[in-house]
Amino acid sequence: MAGGNWTRVEEFILMSFSSLPTEIQSLLFLTFLIIYLVTLMGNSLIILVTLADPMLHSPMYFFLRNLSFLEIGFNLVIVPKMLGTLLAWDTTISFLGCATQMYFFFFFGVDECFLLATMAYDRYVAICSPLHYAVIMNQRTRAKLAIASWFPGFPVATVQTTWLFSFPFCGTNKVNHFFCDSPPVLRLVCADTALFEIYAIVGTILVVMTPCLLILCSYTHIAAAILKIPSAKGKHKAFSTCSSHLLVVFLFYVSSSLTYFRPKSNNSPESKKLLSLSYTVVTPMLNPIIYSLRNNEVKNALGRTFRKALGLRNGIP
């Protein structure tokens with residue numbers, strides 16, 4: 001990266017929310033800390049309950065467990081460093097640390113897109129082919145679908161991160177964001193990035209819109225199947241199994257699409273930070289809440305797990 005007038009960047013400075021007053025930053029720290037802890041506890045609880053309770057060993061909860069793993073990884077990559085910058089412990093991040101953070105951010109983000117599409121396919125099979133559901137979604141098929149959901153993150157994250165950090169950087173090393181995301185880091189590049197921006201747009205279409213179209217296709221068939229159910233009770237039950245997933249999909253796709261379709265857009269950095277907060281911090285917290293509060297099976301399993309844990313603690317057989 002050295003040569004000519006280029007400056008070798010050894011570290012970046014995360015500006016985070018430094019433009020806000022100290023009191024507001026302290027309030028944000030407390031808010032995000034609570035959200036972070038709730039996210040870790042909620043998703044960990046989903047993982048433990050779906051593993052421990054035999055009633056939740058169906059494909060639906062297998063994929064939900066995978067989603068919780070992704071959300072925990074997503075948070076661990078971003079939130080701890082963001083909390084540190086809010087308290088001004090250390091606003092710097094090394095060149096390698098920035099690249100690593102970006103790599104795993106894209107890895108988990110891309111995988112979540114495909115996992116949400118896989119979960120939609122699972123609901124499609126459950127509602128449109130209920131008699132063959134157990135045969136179609138057997139253990140081997142589940143494993144293949146999970147691997148297929150986790151794999152795309154590797155090539156996408158590798159190409160995006162390697163390419164971006166191969167550019168020369170000059171001038172300021174201040175990243176106007178709370179983590180090393182592609183658009184704010186791209187602004188620091190001192191080279192023609194037109195080809196990279198085209199790649200970023202195409203990549204967004206492939207890894208965001210393609211799974212989104214698969215989800216729409218699945219739910220189109222699901223809606224048609226639900227409308228054919230004669231009883232209102234049957235329709236409500238079928239829809240309730242999909243509503244949680246639809247809400248999670250909506251929250252994730254809307255905010256991420258608005259952020260990444262235009263890498264160097266004229267949108268203010270502050271508005272992009274707010275959009276980023278919605279799918280990097282808020283949505284991972286909401287997922288376990290949505291799936292537990294809107295799902296009687298999960299609520300019942302949580303009750304059984306707590307009663308069993310309390311019984312063992314008190315020596316009750």
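Is E112 buried or exposed, and what is its relative accessible area?

Mentor: E112 is buried, with a relative accessible area of 1%. Buried means under 20% relative accessible area, exposed means over 50%, and partly exposed lies in between (1.4 Å probe, protein chains only).

A word on the model before going on. It is predicted, so local features need pLDDT of at least 70 and side-chain atom pairs count only at pLDDT 80 or more, while totals for chains, interfaces and linings use all residues. Residues are numbered from 1 along each chain as its sequence is written, and side-chain values use heavy atoms, with hydrogens and water left out.

Back to E112. The residue is found in helix α3. Helices (H or I, at least four residues) and strands (E, at least two) are DSSP runs, numbered from the N terminus. Leaving aside residues up to four places away in sequence, E112 touches L67, L70, E71, F252 and N287. Contact here means heavy atoms within 4.5 Å.

The unreviewed entry places the feature "transmembrane region" at several stretches, including 63-83 and 238-254. UniProt positions follow the numbering used here, feature names are shortened, and annotations may be inferred rather than shown by experiment. Residues 63-83 are 100% helix and 0% strand, with end C-alpha atoms 30 Å apart. Residues 238-254 are also 100% helix and 0% strand, and their end C-alpha atoms lie 25 Å apart.

Now the core. The largest nonpolar core has 85 residues, and F12 and F32 touch the most other members. Helix α3 gives the most to this core, with 19 residues. Such a core is a set of buried Ala, Val, Leu, Ile, Met, Phe, Trp, Tyr and Cys residues joined through side-chain atoms within 4.5 Å. Beyond four places in sequence, the contacts of F12 include F95, C98, F165, F169 and L188.

The buried residues of α6 are G153, A157, Q160, T161 and L164. They span an arc of only 90° around the axis, which puts them on the same side of α6. That arc is taken from the directions from the helix axis to the C-beta atoms. Their cover includes α3 (95-128), α5 (139-150), α7 (182-186) and α8 (194-227). Helix α6 itself runs over residues 153-164, and its 12 residues reach 16 Å, close to the 16 Å expected at 1.5 Å a residue. The expected span is 1.5 Å times one less than the number of residues.

Two serines deserve a look. S16 sits in the loop between β1 (11-14) and α1 (22-52). Its phi is positive, about 50°, although it is not a glycine. Most residues other than glycine have a negative phi. S16 counts as buried, at 2% relative accessibility. S292 lies in helix α10 (residues 269-293). S292 counts as buried too, at 13% relative accessibility. Beyond four places in sequence, S292 touches V298, K299 and L302. S292 and L302 are 10 residues apart in sequence and 8.7 Å apart in space, C-alpha to C-alpha.

Finally, the whole chain. The protein chain has 11 helices and three strands. Of its 317 residues, 47% count as buried. Among contacts with a separation of 6 or more, 79% join residues 24 or more positions apart.
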